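Thanks, everyone. Let me walk you through this one quickly.

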Amino acid sequence: MNATETPVTKEVQARIEREVEFLKQLHQAAQMGRDTLEHVNNNIGPGELRTAVEKDIFDYSDVCAQVTRKLEERGEQPKSVGKMARAMASMMINMKINDQTPESEVAKMIIDGTTKGVTESIAKLSEFADIDNDVLNIGYRLLWVEQKNIDEMRRFLHN
């Protein structure tokens with residue numbers, strides 16, 4: 001440490017560790033949303049639903065990028081979703097969705113999965129309410145993406 005650097009207090013270090021923990025959990029949630037939608041996208045045919053899913057993939061990817069930048073600022077790297085969780089999600093999608101699956105069924109499955117994500121995001125935002133607002137706002141951005149995803153999928157609930 002040179003003369004111009006201030007020492008990091010235990011309180012500051014604890015705050016940084018909580019921010020890193022929140023960011024890593026946030027990245028996993030956004031990554032899971034993105035990866036799941038990418039897998040869905042690979043199993044459905046062309047059309048409006050595919051276009052909507054691709055927009056949502058972009059939004060989840062943007063959250064992942066924001067989280068990665070914040071983690072790198074803190075000298076950390078994102079933590080990926082576990083292989084088992086990804087494999088289970090992929091297996092379920094492969095069993096339930098193909099290019100013959102009605103849009104309404106695909107939309108319902110996406111809404112169900114995203115609703116779980118919303119619940120988890122709200123819990124995380126509550127648990128980490130004491131961290132820096134700049135970091136917390138990325139969590140609110142993920143919540144917004146998830147809610148927008150649900151709202152977008154509603155229009156495909158027909159039949």
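**Overall picture**

Of the 159 residues of the protein chain, 37% count as buried, where buried means under 20% relative accessible area, exposed over 50% and partly exposed in between, with a 1.4 Å probe and protein chains only. Keep in mind that this is a predicted model: local features need pLDDT of at least 70, side-chain atom pairs count only at pLDDT 80 or more, and totals for chains, interfaces and linings use all residues. Residues are numbered from 1 along each chain as its sequence is written, and side-chain values use heavy atoms, with hydrogens and water left out.

The fold next. The protein chain has five helices and zero strands. Helices (H or I, at least four residues) and strands (E, at least two) are DSSP runs, numbered from the N terminus. The order from the N terminus is α-α-α-α-α. Along the principal axes, the C-alpha atoms fill a box of roughly 70 × 25 × 20 Å.

Now contacts, meaning heavy atoms within 4.5 Å. Take those in the protein chain with a separation of 6 or more: residues 24 or more positions apart account for 82% of them.

Start with Glu19. It sits in helix H1, residues 10–43. Is Glu19 buried or exposed? Glu19 is buried, at a relative accessible area of 1%. Beyond its neighbours within four places in sequence, Glu19 contacts Arg74, Ile131, Asp132 and Val135.

His27 is also in helix H1. His27 counts as buried, because its relative accessibility is 7%. Which residues does His27 touch, not counting those up to four places away in sequence? They are Cys64, Val67, Thr68, Pro78 and Lys79.

Then the rings. The structure holds one aromatic pair. For the cut-offs: rings of Phe, Tyr and Trp (its six-membered ring) pair if their centres lie within 6.5 Å; planes under 30 degrees apart count as stacked, over 60 as edge-to-face and the rest as tilted. Here the rings are those of Phe22 and Phe128, with centres 5.3 Å apart and planes at 50 degrees, so the pair is tilted. Phe22 lies in helix H1 and Phe128 in the loop between H4 and H5, so the pair ties together parts 106 residues apart in sequence. Both Phe22 and Phe128 are buried.

Gly47 is partly exposed, with a relative accessible area of 34%.

Helix H2 covers residues 48–73, 26 residues in total. From first C-alpha to last, H2 reaches 38 Å, close to the 38 Å expected at 1.5 Å a residue. That expected span is 1.5 Å times one less than the number of residues. Gly75 follows H2, with a positive phi near 75 degrees.

**The largest pocket**

Last stop. A pocket, on a 1 Å grid over the protein atoms alone, is an open set of points where a 1.4 Å probe fits, with protein on both sides within 12 Å along at least five of seven lines; lining residues have an atom within 4 Å of a point. The largest pocket has a volume of about 860 Å³, taken as the space filled by probe spheres set on the points. It is lined by 31 residues, with Met32, Thr36, Gly113, Thr114 and Lys116 nearest its centre. Which elements give two or more residues to the lining? They are H1, helix H3 (83–96), helix H4 (103–127) and helix H5 (133–154).
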